[in-house]
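Please keep the sequence and the structure in view while reading.

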Amino acid sequence: MQNFEYFAPRSLPEALALLENTGQKVKILAGGTDLIAQLHAGRAQPAIIIDIKNIPELNRLGWDADKSLHIGAAVPISTVVDFPYFQQRFGMLHQGCSLIGSTRVRNRATIGGNVCNAAPSADSAPALLCLGTKAFVANSRGTRVVPMLDIFRGPGKTSLAANELLVELEIPAPPAHSAGCYLRHTPREEMDIAVVGVAAFLVLAPHSKTCQEARIALGAVAPTPIRVPTTEALLAGNSLNKELITQVAEKTAEAASPISDIRSSAEYRRELVRVLTRRALKAACVSLDIQIESGD
Ligand SMILES: Cc1cc2nc3c(=O)[nH]c(=O)nc-3n(C[C@H](O)[C@H](O)[C@H](O)COP(=O)(O)OP(=O)(O)OC[C@H]3O[C@@H](n4cnc5c(N)ncnc54)[C@H](O)[C@@H]3O)c2cc1C
């Protein structure tokens, strides 16, 4: 591993000043569960590392008056997963986060790190996309708010500049009559990377079985996690039933552009998108008290 200088600032202004003055060869360290492996493999070779775990502003975890949740970039995933009402209000994100690594990994790792590492397979990303998450990104001159979709630029690439860091994520309260589900496929039950991940989120029109709004997001089938607006539009305004869900699952598979790699062929990934989309939509329907006939 290449030598580097290590800083552990105690405030956000101190961290931002360090970032501003150190140029391109700097890396932020949150939980380190991605970064330390990258250092060992020589895939990251920073001259300076800034550890953000001791920064109080980045350890904030709490609800706003309007019930949106703020998750600081240094908060461990295990703390978020156990946070009161988190599972109840953001079930699909709870499912995604609970799949990341093991208990030991989640005790160190952060959702911010999962986002900033920008793996197409990141298990928190599809649910964050469906839930309309905003990222608060700061440099020494101020803070900007970035929709989650605009964070991801490619494998390992985000839209953050070298002098910026992610401060926190804000997840708005889901609308009434809504539910979602995240499912992934991995060859092993645990400690494995998603071959495909699918999140589906439905909002019902009041007192009906008509879908008012749908959001579908996919992981590991493109250079970044993606939303699928074409098939979301097929659901919106229509009554939820087996035929519609089957059609949406097929069209979502067609809309995906997976690659073949060491973990899967493109064809297998596309088939997984079809099956998991169907299952995730059905699970969201069940949470909304709509029973859909079973299939694959
Ligand atoms: C055994 C094992 C199993 C794993 N299993 C899974 C899994 O099932 N699913 C999955 O999605 N991931 C998995 N991972 C990957 C990893 O644990 C997650 O991506 C984790 O959420 C990363 O968070 P971290 O805090 O450790 O990030 P770090 O390693 O600290 O950082 C990751 C990257 O993000 C940057 N970064 C971190 N925080 C910020 C910030 N605030 N602002 C700007 N840049 C920042 C860092 O510079 C680095 O480039 C696994 C890792 C291991 C070691």
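This is a predicted model: local features need pLDDT of at least 70, side-chain atom pairs count only at pLDDT 80 or more; totals for chains, interfaces and linings use all residues.

Ala138 stands opposite Leu165 in strand S10.

Is S10 enclosed by the rest of the structure or open? Of its 7 residues, 6 are buried, and S10 is therefore largely enclosed by the rest of the structure.

Another pairing involves strand S11 (residues 178-185), which runs antiparallel to strand S12 (residues 196-204) over 8 bridges. Cys181 is placed opposite Ala200 in S12. Because 6 of the 8 residues of S11 are buried, this strand is largely enclosed by the rest of the structure. The table sets out the strand pairings described so far.

| Strand pair | Bridges | Sense |
|---|---|---|
| S11 and S12 | 8 bridges | antiparallel |

The loop between strand S9 (157-158) and S10 holds Asn163. Is Asn163 buried or partly exposed? It has 18 other C-beta atoms within 10 Å, and Asn163 is therefore partly exposed, since a buried residue would need 20 or more. Leaving aside residues up to four places away in sequence, Asn163 touches Leu19, Glu20 and Asn139. Between Asn163 and Ile55 there are 108 residues of sequence separation, while their C-alpha atoms lie 17 Å apart in space.

The next topic is the ligand. Which residues come nearest to it? Of the 30 residues around the ligand, the nearest are Ala30, Gly31, Gly113, Asn114 and Cys116. Two or more residues of this shell come from each of strand S2 (26-29), helix H2 (35-40), helix H6 (103-108), helix H7 (111-117) and strand S10 (165-171). H7 gives the largest share, 5 residues. Sorted by class, the shell around the ligand contains 17 nonpolar, 9 polar and 4 charged residues.

At the level of the whole chain, there is a division into domain 1 (5-171) and domain 2 (179-287). The C-alpha centres of domain 1 and domain 2 are 25 Å apart. Their contact draws 21 residues from domain 1 and 22 residues from domain 2. On the side of domain 1 that touches domain 2, at least two residues each are supplied by helix H5 (91-98), helix H8 (125-130) and strand S8 (152-154). The largest share of that side, 5 residues, comes from H8. By class, the residues of the side of domain 1 that touches domain 2 are 12 nonpolar, 7 polar and 2 charged.

H11 is followed by Asp289, which has a positive phi near 65°.

Notes:
Residues are numbered from 1 along each chain as its sequence is written. A residue is near a molecule or strand if its C-beta atom, placed from the backbone, lies within 6 Å of it. Helices (H or I, at least four residues) and strands (E, at least two) are DSSP runs, numbered from the N terminus. Ala, Val, Leu, Ile, Met, Phe, Trp, Tyr, Cys and Pro count as nonpolar, Asp, Glu, Lys and Arg as charged, and the others, Gly among them, as polar. Domain bounds come from an automatic or database domain assignment. Two residues are in contact if their C-beta atoms, placed from the backbone, lie within 7 Å. A residue is buried if 20 or more other C-beta atoms lie within 10 Å of its own, exposed if 12 or fewer, and partly exposed in between; C-beta atoms are placed from the backbone. Two strands pair if DSSP finds at least two bridges between them.
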